[in-house]
Amino acid sequence: MIRAEIKQIARDIRTMRIRGAGRVARAAAVALKLAAKTSKAKMPAEFMREIDRVSSLLLATRPTAISLPNAVRFVTFGAKQAKGADLQTLQGTIISRADEFIKNSKEAVERIGKIGARRISNDDVILTHCNSDCALAVIKTAFKQGKRIKVFVTESRPMRQGLISVRELTKAGIPTTLIVDSAVRHFIRDIDKVIVGADSIAANGAVINKIGTSQIALVAHEARVLFFVAAESYKFHPGTLVGRLVEIEERDLDEVINPKRFPRAKIRNPVFDITPPEYVDLIITERGIIPPSAAYAIIQNLFAWEPGEEPV
Ligand code: RI2
């Protein structure tokens with residue numbers, strides 16, 4: 001039996017009450033910690049079965065952001081390795097790994113803000129898409145450092161998470177302009193730098209992010225405007241090293257429009273797209289700034305797995 005609070009976290013991730021690849025990952029760590037803390041299991045094997053069930057529930061919520069499986073893997077790794085450990089040790093391991101993940105994740109966003117802010121100059125006009133804590137950390141840190149900047153934010157249909165960014169940026173006192181997604185090319189000449197987040201980054205440096213990102217990258221490329229991605233290292237996708245393709249989530253059609261209004265039309269709602277590495281100038285991670293071609297090395301360094309074991 002999975003506890004109601006844990007099921008609620010999974011539901012909140014699925015319905016996007018909890019959203020943003022980093023927040024989703026941290027929520028998964030919280031859910032696993034809760035499962036470990038409240039478990040009534042009497043035996044280690046029973047406890048690990050419960051943890052597996054909670055992991056599967058979490059992993060089934062959203063398919064694209066690799067931050068979620070990477071978080072589950074990080075939190076459960078120690079317990080899975082601890083063959084023969086007693087129940088208390090296993091519980092303790094899950095709880096401390098969850099705390100560690102959450103702490104590391106928050107610190108990573110802060111570091112990305114500081115590292116990325118160095119790439120922002122006075123009088124820069126920045127464009128961001130959707131709502132990414134990492135991208136906004138860069139912008140807000142630069143502004144706090146006293147850099148005079150202005151920000152354009154795309155609405156980000158269908159869920160309009162751009163409005164969250166507008167609220168956050170204006171609250172911080174940053175001059176912000178809201179535009180619809182299709183206005184990017186119209187305004188691109190006013191923009192110095194594009195900064196977006198990522199849900200997954202493939203071994204070849206391709207960036208999977210909110211639908212519309214790749215169109216913005218194309219427009220930026222054409223206009224020779226710099227295109228930055230801000231992402232923690234747990235957004236890098238280990239499976240892509242062995243040829244795994246990243247699944248692009250397609251969500252409810254109701255998010256686009258009530259399908260009953262157009263009964264004869266097919267409606268599609270993919271919520272992420274893939275920006276090829278050629279359009280990405282640099283990736284800002286908590287470990288430093290890398291070109292997209294270094295994604296392979298990051299994945300190799302960070303995600304160790306046993307020979308024969310499939311990466312996530
Ligand atoms: P941070 C979001 O996905 C957006 O695509 C955003 O760019 C990305 O996660 C990364 O966000 P969704 O959950 O982790 O809105 O930087 O579908 O906050």
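Colleague: What is the volume of the largest pocket?
Modeller: Keep in mind that this is a predicted model. In general, rolling a probe the size of a water molecule over the atoms shows where empty space is left. For the largest pocket, the computed volume is about 430 Å³.

Colleague: Which residues lining the largest pocket are the closest to its centre?
Modeller: The lining of the largest pocket has 17 residues. By class they divide into eight nonpolar, four polar and five charged. The closest to the centre are Phe74, Ser233, Tyr234, Leu302 and Phe303.

Colleague: Which helix gives the largest share of the lining of the largest pocket?
Modeller: Helix 4 (67–81) and helix 5 (87–117) each supply at least two residues of this lining. The largest share is five residues. That share comes from helix 5.

Colleague: Why does the largest pocket lie between domain 1 and domain 2?
Modeller: Start with the domain assignment, which gives domain 1 (4–108) and domain 2 (118–302). The largest pocket lies between them because its lining takes residues from both domain 1 and domain 2.

Colleague: How far apart are the C-alpha centres of domain 1 and domain 2?
Modeller: The two domains are in contact, with 19 residues from domain 1 and 25 residues from domain 2 taking part. Their C-alpha centres are separated by 27 Å.

Colleague: At what angle do the axes of helix 4 and helix 5 cross?
Modeller: Helix 4 passes helix 5 in a right-handed crossing. The two axes come within 8 Å. They cross at roughly 145°.

Colleague: Which residues of helix 5 does helix 4 meet?
Modeller: The helix 4 side of the contact is Ala71, Phe74, Val75, Thr76, Phe77, Gly78 and Ala79. Residues of this contact divide into nine nonpolar, four polar and two charged. On the helix 5 side are Leu90, Thr93, Ile94, Arg97, Ala98, Glu100, Phe101 and Asn104.

Colleague: What is the volume of the largest cavity?
Modeller: Searching the whole structure turns up one cavity of 30 Å³ or more. The volume of the largest cavity is about 300 Å³.

Colleague: Which residues lining the largest cavity are the closest to its centre?
Modeller: The lining of the largest cavity has 28 residues. They are 10 nonpolar, nine polar and nine charged. The closest to the centre are Arg19, Gly20, Ala21, Asn131 and Asp199.

Colleague: Which helix gives the largest share of the lining of the largest cavity?
Modeller: Domain 1 and domain 2 each give at least three residues to this lining. Helix 2, helix 6 (133–144) and strand 6 (207–210) each supply at least two. The largest share, five residues, belongs to helix 2.

Colleague: Which two residues does a cis peptide bond join?
Modeller: Most peptide bonds are trans. Here, look in the loop between strand 2 (150–154) and helix 7 (162–171), where Pro158 is found. Omega of the cis bond is about 5°. The bond joins Arg157 and Pro158.

Colleague: What is the phi of Met16?
Modeller: Met16 sits in the loop between helix 1 (4–14) and helix 2 (21–38). Most residues other than glycine have a negative phi. Met16 has a positive value, and its phi is near 70°.

Notes
Residues are numbered from 1 along each chain as its sequence is written. This is a predicted model: local features need pLDDT of at least 70, side-chain atom pairs count only at pLDDT 80 or more; totals for chains, interfaces and linings use all residues. Side-chain values use heavy atoms; hydrogens and water are left out. On a 1 Å grid over the protein atoms alone, a cavity is a set of points where a 1.4 Å probe fits but cannot get out, and a pocket is an open set with protein on both sides within 12 Å along at least five of seven lines; lining residues have an atom within 4 Å of a point. Grid points are joined across faces, edges and corners, and a volume is the space filled by probe spheres set on the points. Helices (H or I, at least four residues) and strands (E, at least two) are DSSP runs, numbered from the N terminus. Ala, Val, Leu, Ile, Met, Phe, Trp, Tyr, Cys and Pro count as nonpolar, Asp, Glu, Lys and Arg as charged, and the others, Gly among them, as polar. Domain bounds come from an automatic or database domain assignment. Axes are lines fitted to C-alpha atoms, for helices over the stretch in contact, and angles run from 0 to 180 degrees between N-to-C directions. A crossing is left-handed if the near helix is turned anticlockwise from the far one by less than a right angle, and right-handed if clockwise. Contact means heavy atoms within 4.5 Å.
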